[in-house]
Amino acid sequence: MTSTLTTPLTRTGLALRGVTLTYPDGEQRLTALDEVSLEVAPGEFTAVVGPSGSGKSSLLAVAATLLRPDRGQVLIDGQDAGALSAKARTALRRERLGIVFQQSNLLASLTAVEQLLVLADLRGTRPRQARARAELLLASVGLDESKQRRRPHQLSGGERQRVNIARALFGRPSVLLVDEPTSALDHERGAQIVRLLAEVTREHSTATVMVTHDQALLGEVDRVLKMADGRLRG
Ligand SMILES: Nc1ncnc2c1ncn2[C@@H]1O[C@H](COP(=O)(O)OP(=O)(O)OP(=O)(O)O)[C@@H](O)[C@H]1O
């Protein structure tokens, strides 16, 4: 499929520049992100940690171009998301971003491989090519053929998270945004998922940002940034 974006983009990853986000709070506004700047290069795995309410989810939502900041820029492969029309922003998200949410949002009636093939349909990828890619990606995240034919309720929490990661990679994203990937897992399974994210970051050269509460799982990441009161510290 040809890109619907107007300019050809080289992969430069994710950049946030002076991003401020506020929410309505009664008569006032609550500042969730306060002049946040961040650059994540292709192939770099960055973790964002911080207490509840510090702004981590808001940061991911802004980076995912799902929330528009009050001020500042979000650049995906150098493209300023705020300068695009809604249609072009949707295309940017579809073509450049992979998102792994905290709660698995897999479709209950579909097998693991079908979760990826649904995307192929939406993207207009040829069915045979799409199936081969879906199977390859699922195998690469550790799901063998028999597990690829299972529905979500027949998989463990960790296996469902692997399907989520494979699905996020299907569109060859430049930027991979991951929200609390280990929250439903025990320590060992959580550590396996973080190791897997480190591997896919290198293999797929994604600029990966992972939000997590779990400080014990940070051995695999390239950089840890701390959020407190909407501000980011290295
Ligand atoms: N839709 C909203 N409307 C108003 N305030 C919000 C909204 N979403 C988040 N907030 C507030 O913005 C601040 C940052 O919230 P955010 O969800 O980004 O934090 P977080 O670090 O992800 O927290 P957690 O770890 O608990 O998920 C908090 O004070 C929160 O109460």
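This is a predicted model: local features need pLDDT of at least 70, side-chain atom pairs count only at pLDDT 80 or more; totals for chains, interfaces and linings use all residues.
Threonine 65 lies in the loop between α1 and β4 (71-76). The phi angle of threonine 65 is near 60 degrees, which is a positive value in a residue other than glycine. Its position in the chain is just after α1. Because threonine 65 has 19 C-beta neighbours inside 10 Å, it counts as partly exposed.

**Helix α1 and the ligand**

The buried residues of α1 are Lys56, Ser58, Leu59, Leu60, Val62 and Ala63. The complete shell consists of Tyr23, Leu30, Ala32, Gly50, Ser52, Gly53, Ser54, Gly55, Lys56, Ser57 and Ser58. Sorted by class, the shell holds three nonpolar, seven polar and one charged residues. Lys56 and Ser58 belong to the shell and are also listed among the buried residues of α1.

**Two helix pairs**

Two packed helices are described by the angle between their axes and the distance between the axes. The table gives these values for two pairs.

| Helix pair | Angle between axes | Distance between axes |
|---|---|---|
| α3 (residues 112-123) and α4 (residues 127-140) | roughly 135 degrees | within 9 Å |
| α6 (residues 157-169) and α7 (residues 187-203) | about 15 degrees | 10 Å |

The axes of α3 and α4 cross at roughly 135 degrees. That angle makes α3 oblique to α4. The crossing of α3 and α4 is right-handed. On the α3 side, the contact involves Ala112, Val113, Leu116, Leu117 and Ala120, which meet Ala130, Arg131, Ala134, Glu135, Leu137 and Leu138 in α4. The residues of this contact of α3 with α4 comprise nine nonpolar, no polar and two charged.

Burial in α3 involves Ala112, Val113, Gln115, Leu116 and Leu117. The elements that cover these buried residues of α3 include α4, α5 (145-148) and α6. Just after α3, glycine 124 adopts a positive phi of about 75 degrees.

The second pair packs at an angle of about 15 degrees, and α6 and α7 are therefore roughly parallel to each other. The crossing of α6 and α7 is right-handed. From α6, the contact draws on Gly158, Gln161, Arg162, Ile165 and Leu169, and from α7 on Arg189, Gln192, Ile193, Leu196, Leu197 and Val200. By class, the contact of α6 with α7 contains six nonpolar, three polar and two charged residues.

**Two buried leucines**

Leucine 176 is placed in strand β7 (residues 175-179). It counts as buried because it has 24 C-beta neighbours inside 10 Å. Residues up to four places away in sequence not being counted, leucine 176 touches Gly98, Ala168, Thr201, Thr206 and Thr208. Leucine 176 and leucine 225 are 49 residues apart along the chain, and their C-alpha atoms are separated by 16 Å.

Leucine 217 is located in the loop between β8 (207-212) and β9. With 23 other C-beta atoms within 10 Å, leucine 217 is buried. Apart from neighbours within four places in sequence, leucine 217 is in contact with Thr182, Gly190, Ala191, Val194 and Thr212. From C-alpha to C-alpha, leucine 217 and valine 113 are 28 Å apart in space, and 104 residues apart in sequence. Valine 113 is itself one of the buried residues of α3.

**A further positive phi**

Aspartate 229 is found in the loop between β9 (223-228) and β10 (231-233). Its phi is near 50 degrees, a positive value in a residue other than glycine. Because aspartate 229 has 13 C-beta neighbours inside 10 Å, it counts as partly exposed.

Note on methods:
Residues are numbered from 1 along each chain as its sequence is written. Axes are lines fitted to C-alpha atoms, for helices over the stretch in contact, and angles run from 0 to 180 degrees between N-to-C directions. Helices (H or I, at least four residues) and strands (E, at least two) are DSSP runs, numbered from the N terminus. Angles under 35 degrees count as roughly parallel, over 145 as roughly antiparallel, 65 to 115 as roughly perpendicular and the rest as oblique. A crossing is left-handed if the near helix is turned anticlockwise from the far one by less than a right angle, and right-handed if clockwise. Two residues are in contact if their C-beta atoms, placed from the backbone, lie within 7 Å. Ala, Val, Leu, Ile, Met, Phe, Trp, Tyr, Cys and Pro count as nonpolar, Asp, Glu, Lys and Arg as charged, and the others, Gly among them, as polar. A residue is near a molecule or strand if its C-beta atom, placed from the backbone, lies within 6 Å of it. A residue is buried if 20 or more other C-beta atoms lie within 10 Å of its own, exposed if 12 or fewer, and partly exposed in between; C-beta atoms are placed from the backbone.
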